[in-house]
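Dear colleague,

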Amino acid sequence: RGICTTILHVHHNTDWCDVELAFAKKEAKRIGLGLVEKRIPRFDKSVSLESFWSKHRNAVFQDMDKPVLTGHILDDAIEWYLMSTCQGTVKLLNYQNRNVLRPLLGTRKSQIYKYAEYFDIKYLTDPTNEDQEFNLRNKVRHSLIPQTEAIFPGIATTVLRLIKDKESKLQTINRV
């Protein structure tokens, strides 16, 4: 008896997602895993693109009847922390949010790249991630974070500590 693992692809109705889906199908077949495809609605301009996608992607995750493991990493947590702090509400990514688990939350992107290179793992990089005009997150990623890390080289350690402290408090509350 083993663990049954399936790949989940959430399609955001972009041409790039077609590329991602083809890649996911090929890799799922190559390694012998099932693939579940979910499509979110087309962007309706009711909120920012990032908020729209996040809301609908999270709805897909919450609708799954099994745990969902995401690839969120420490760099994502730093982005989220800085973006939310600069907008007046400090927010931290959690290791777990209902059925969504983020097992790589303490891992830096550079470590992921080294691992992929060492084991010759193929991966895709969304080209819009380099476009600072695409969304606020990219501006934070390419401008604010390098400056913040230059001034506060311990920011990653700080964010990770804050996440762990929050998780510890949640676990204490859940035990009571």
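Tyr 118 is found in helix α4, which covers residues 109–118 (helices, H or I, of at least four residues, and strands, E, of at least two, are DSSP runs numbered from the N terminus). Please bear in mind that this is a predicted model, in which local features need pLDDT of at least 70 and side-chain atom pairs count only at pLDDT 80 or more, while totals for chains, interfaces and linings use all residues. Residues are numbered from 1 along each chain as its sequence is written, and side-chain values use heavy atoms, with hydrogens and water left out.

At 67% relative accessibility, Tyr 118 counts as exposed (buried is under 20% relative accessible area, exposed over 50% and partly exposed in between, with a 1.4 Å probe and protein chains only).

Searching the whole structure gives five aromatic pairs (rings of Phe, Tyr and Trp, the last by its six-membered ring, pair if their centres lie within 6.5 Å, and planes under 30 degrees apart count as stacked, over 60 as edge-to-face and the rest as tilted). One of them joins Phe 43 and Phe 52, whose ring centres are 5.4 Å apart and whose planes stand at 75 degrees, so this pair is edge-to-face. Phe 52 is buried, with a relative accessible area of 4%, whereas Phe 43, at 32%, is partly exposed.

Tyr 115 and Phe 119 form a tilted pair, with 4.7 Å from centre to centre and 45 degrees between the planes. Phe 119 is partly exposed at 46% relative accessibility, and ring pairs link Tyr 115, Tyr 118 and Phe 119 into a cluster.
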